[in-house]
Amino acid sequence: MPAVAINSTRLNDNLTALGQIGNTDEGMQRVAFSSFDVAGRDYVTELMRRAGMTVRIDAAGNIIGRVEGSGPSLPAIAMGSHTDTVPAGGQYDGALGVIAAIEVVQALADAGQTTRHPLEVMVFTNEEGTGFHRWLLGSRAVAGLWEAEDFSAVHDDGATLTSRLPDIGGNISHIAEARRRPDELACYLELHIEQGPTMHRGGYPIGIVTGITGRSVYHVDIVGEANHAGTTPMALRRDAMSAAAQIALKVRSIAGEMEICRVGTVGSMDVHPNAGNVIPGRVQMGVEFRDERMESLAAAEVELRRTAEEVGHAEQVGIAVTAQRNTPSVPISGNMQQLVADAAEVAGLAHITMPSGAGHDAQAIASITPAAMIFVPSVNGVSHAPAEYSTPEDCANGAQVLLNALLLADDR
Ligand code: HGY
Ligand code: MN
Ligand code: MN
C-alpha cells in the first residue's frame, strides 16, 4: 500500500483540545471516573466516529473504535492507550497514543485507503490506577487478567468499582465479555511519550521499546501513639512519623546506594491526625519498586520487610506491610521491535532501542497478542507533572511511525 501521511496540524490541534479537558491551574485532573474523564472520553469518541469508526464501550468501560478491512475475516490490528491522567499530571501521557491512533485511521480514510486487516482503536479505562489502586484496569480486562482485588476494589472515596463502572458505560458483572481472544487480534501498537530524559538528551526522535518494567506496590501502615507534642518526653514517644521517615529513606537507599532494584518511591503519605502539635499516632504510606528483573523486586521486598521489623522495634510502633500488586515485566519481541525500526526507517527518522521505566497498557495486551511500543521524546524528561511536554514535531513523527508500522504489519 502506498505511503500515507498523517496530518500534523490536525493531530496537534486534537491533542491540544483534549489537553484542555480537565486542565486546571494544578495541571491535568482528568483522573479516571471523574467528570473530566467522562468529558475526555466523549471527545475522543466523537473523533473516532468522525474518522469513520463504529464505537462501542465494553464491560470494563474501554472505548473500542473499529473500521473493517478489505480482506476476508482477518484479525484486527489494534492501536491504543489511555486518556486518564494522574492527579496534577500532564497533557501527553496516554493522550498522544489515543489521538495519534485516531489520526492514523482518519488519514487512511482521507487517502481512501482500506487496510486488509480491520483496525481497532482502544482507549483503556484507568491505566493509572488512580483512586482504586488497580492500574491497567481496562487493558487487563481485555487481556483477561483481572484478579479478585479488581472485583472488590474500593476507591479512596469509599465508592466500589461495581458502582463506578457504569459512570463510564461499564458493567462489572459482564467483565468476562471484555476479554478478547488471541485469534481476534493480529498485533497491538502503542505510541507513548518516553516520560524520561534519554531521548531528549540524546536527540533521538523515535524510541523502540525493548521491554516494559515490572512494578511492585505496597501499603505500609504504621501505628504508634498520638500524644501531646509539647509535654511528651522524647524517650516516651511512639512516633509513627519518625518511623515513616526512616522507612522512606530506606526505600530510597534500597534502589539507590544498595542498588537492589532500579527505582524505589514513596509517593503518598497520610498522617493522622495531621496536626502540628500532635505526635502522629498513625501514618499510611504508598511504596513502589520497579525493575525489569522480577528477582530484584523480590529482593527489594525482603529488604523493605526487614526494615519494617527493625524500625518497628526501635520505635515501639506496629508496622504492617501489605503487598498491593505485583505487575510482571514484559519483553517486546525482536520482530515487533524490528517492525518499529522499519517504520522509523520509512519515515527517515533516527531511533534508539530502550526499556520503558513506566508501565503501559501494552504490557497487559502483550499477553494476548504481539505488542510493540513507539516512544517520542519528553522535553527535559518530565512527566506526571504539569510541565510534561512533547513538541508538535515529535508528536507528528510518532504518529507517522505508528501509521507506517501499521501499514507494514498489514502487509506482513
Ligand atoms: O506509573 C506508570 O508507570 C504509568 O504512568 N501508569
Ligand atoms: Mn502515566
Ligand atoms: Mn501512560
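This is a predicted model: local features need pLDDT of at least 70, side-chain atom pairs count only at pLDDT 80 or more; totals for chains, interfaces and linings use all residues.

Modeller: Residues are numbered from 1 along each chain as its sequence is written, chains are lettered from A and ligands numbered from 1 in the order in which they are written, and side-chain values use heavy atoms, with hydrogens and water left out.

Colleague: Why is helix 1 called roughly perpendicular to helix 12?

Modeller: Helix 1 (residues 8-20) and helix 12 (residues 392-411) pack at an angle of about 110 degrees, and their axes are 9 Å apart. Angles of 65 to 115 degrees count as roughly perpendicular, those under 35 as roughly parallel, those over 145 as roughly antiparallel, and the rest as oblique. Helix 1 is therefore roughly perpendicular to helix 12. The axes are lines fitted to C-alpha atoms, for helices over the stretch in contact, and the angles run from 0 to 180 degrees between N-to-C directions. The helices themselves are DSSP runs (H or I, at least four residues), as are strands (E, at least two), numbered from the N terminus.

Colleague: Which residues make the contact of helix 1 and helix 12?

Modeller: Helix 1 contributes S8, L11, N12 and L15, and helix 12 contributes P392, C395, A396 and A399, where contact means heavy atoms within 4.5 Å. By class, this contact has 6 nonpolar, 2 polar and no charged residues. Ala, Val, Leu, Ile, Met, Phe, Trp, Tyr, Cys and Pro count as nonpolar, Asp, Glu, Lys and Arg as charged, and the others, Gly among them, as polar.

Colleague: What makes helix 3 and helix 12 oblique to each other?

Modeller: Helix 3 (residues 95-110) packs on helix 12 at an angle of about 55 degrees, with the axes 9 Å apart. That angle is why helix 3 and helix 12 are oblique to each other. The contact joins L96, A100, A101, V104, A107 and L108 of helix 3 to C395, A399, L402, L403, L406 and L407 of helix 12. Its classes are 12 nonpolar, no polar and no charged residues.

Colleague: Why is helix 8 described as roughly antiparallel to helix 9?

Modeller: The angle between helix 8 (residues 240-255) and helix 9 (residues 294-315) is about 155 degrees, and the axes lie 10 Å apart. Helix 8 is therefore roughly antiparallel to helix 9. Among the residues that meet are S242, K250 and I254 in helix 8 and E303, R306 and E315 in helix 9. By class, the contact has 8 nonpolar, 3 polar and 4 charged residues.

Colleague: Which element supplies the largest share of the lining of the second largest pocket?

Modeller: Strand 14 does, with 4 residues. Strand 14 (318-327) and helix 11 (362-365) each supply at least two residues of this lining. In class, the lining divides into 6 nonpolar, 4 polar and 4 charged residues.

Colleague: What joins H272 and P273?

Modeller: A cis peptide bond joins them, with omega about 0 degrees. P273 is placed in the loop between strand 11 (263-272) and strand 12 (278-279).
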